[in-house]
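This report describes the chain shown below, covering its salt bridges, its nonpolar core and its surface.

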Amino acid sequence: MVEELVAAGVTLVSAGAVYVMAAARVVKQYERGVVFRLGKLRPDVRGPGFTMIVPGVDKLRKVNMQIVTMPVPGQEGITRDNVTVRVDAVVYFKVTSPAEAVVRVEDYRFAVAQMAQTSLRSIIGKSELDDLLSNREKLNQGLELMIDSPAVEWGVTIDRVEIKDVSLPETMKRSMARQAEADRERRARVINADAELQASKKLAEAAKEMSEQPAALQLRLLQTVVAVAAEKNSTLVLPFPVELLRFLEKAQQGVAAAPPAVPQPVQEQRPPLESRPNPDAGGSISGQD
């Protein structure tokens, strides 16, 4: 009798252990358990920890509640200003209602991925190239709203959407490079012209001051000589003083103003024939033979 009781107890314990092993489930902290009993959704969602189900009757499906990072494959499209681009993005989303995520959509990850690709193509067609390159924050918000609208019904909330990269054709890159180079050159010329204008004004003021003080110009000349002489690899040529040049210029102008002197021919004066001495006679020679 005792042996039969012991055997029955052992059998009962074994059956209980088998039942517990078949019914026991462990839900992790970042998961939630959705129970289907004979195919019907149970209203209670199992939280993290140890839980029990009816083996063969209940079916537990675990849903991850963490934020999922899903890269969106590069989508090619034509912008509103007729430029072909390829845009890559990434979507951050999480499940807020485990029951709806399991019941309303077959695979919520695949559904979110397809919706993200479709929305990204739509954003490309509605935007211009400058917006894709410089105004990405606004496009990210618009893309997030487009994906989040249908995802709310699936028990999924879009946390954020980011456009990672915008790939342009090589011809467009070269055109943009030339445009940027031309703009930089234009700005450099404007800055250079402005500098020349300011320098000319300062030089005019300096020339006016030096014209009132002649010695200032000579001092400025000496300063230039000192600055040039500081370089050992240069040859210094000392110019004439300005006063000497002015003196030579005035002297040259005075000589050019005076008329040139014309030389007169010299006539030889001889005494009269009667008064010429006769070397043979020793007396005066008359005019008759």
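This is a predicted model: local features need pLDDT of at least 70, side-chain atom pairs count only at pLDDT 80 or more; totals for chains, interfaces and linings use all residues.

## Salt bridges

A salt bridge is counted here when a side-chain nitrogen of Lys or Arg lies within 4 Å of a carboxyl oxygen of Asp or Glu. By this rule, eight salt bridges are found.

One of the salt bridges joins D58 and R37, whose closest N and O atoms are 2.6 Å apart. D58 belongs to strand β5 (residues 58–64) and R37 to strand β2 (residues 31–37), so this pair ties together parts of the chain that are 21 residues apart in sequence. The two partners fall into separate accessibility classes: D58 is buried, because its relative accessibility of 8% is under the 20% cut-off. R37, at 30% relative accessibility, counts as partly exposed.

## Further charged pairs

R86 and E76 form another salt bridge, with 3.4 Å between the closest N and O atoms. Because R86 lies in strand β7 (residues 84–95) and E76 in strand β6 (residues 68–78), the pair links parts that are ten residues apart in sequence. R86 is partly exposed, at a relative accessible area of 34%, and E76 also counts as partly exposed, at 48%.

The salt bridge between the side chains of D183 and R186 has an N to O distance of 2.8 Å. Here both residues lie in helix α6 (residues 170–212), where they are three residues apart, about one turn of the helix. D183 has a relative accessible area of 31% and is partly exposed; R186, at 48%, is likewise partly exposed.

In soluble globular proteins, nonpolar side chains tend to be buried together. In this model the largest nonpolar core has 37 residues, and those touching the most other members are V85, V91, F93, Y108, V112, V156 and I158. Two or more core residues come from each of β2, β6, β7, α2 (98–103), α3 (108–126), α4 (129–134), α5 (136–151) and β8 (156–167). Helix α3 gives the largest share, eight residues.

Which residues does V112 touch, not counting those up to four places away in sequence? They are M70, V91, F93, W154, V156 and I158. Of these, V91, F93, V156 and I158 are also named among the core residues that touch the most other members.

## The chain as a whole

The secondary structure of the chain consists of eight helices and eight strands. The chain has 289 residues, of which 21% are buried. Among contacts between residues at least 6 apart in sequence, 63% join residues at least 24 apart.

The accessible surface of the chain is about 21,500 Å². Carbon and sulfur atoms account for 57% of that surface.

Key
Residues are numbered from 1 along each chain as its sequence is written. Side-chain values use heavy atoms; hydrogens and water are left out. Helices (H or I, at least four residues) and strands (E, at least two) are DSSP runs, numbered from the N terminus. Buried means under 20% relative accessible area, exposed over 50%, partly exposed in between (1.4 Å probe, protein chains only). A nonpolar core is a set of buried Ala, Val, Leu, Ile, Met, Phe, Trp, Tyr and Cys residues joined through side-chain atoms within 4.5 Å. Contact means heavy atoms within 4.5 Å. Accessible areas come from the Shrake-Rupley method with a 1.4 Å probe; for residues, only the protein chains shown count as cover.
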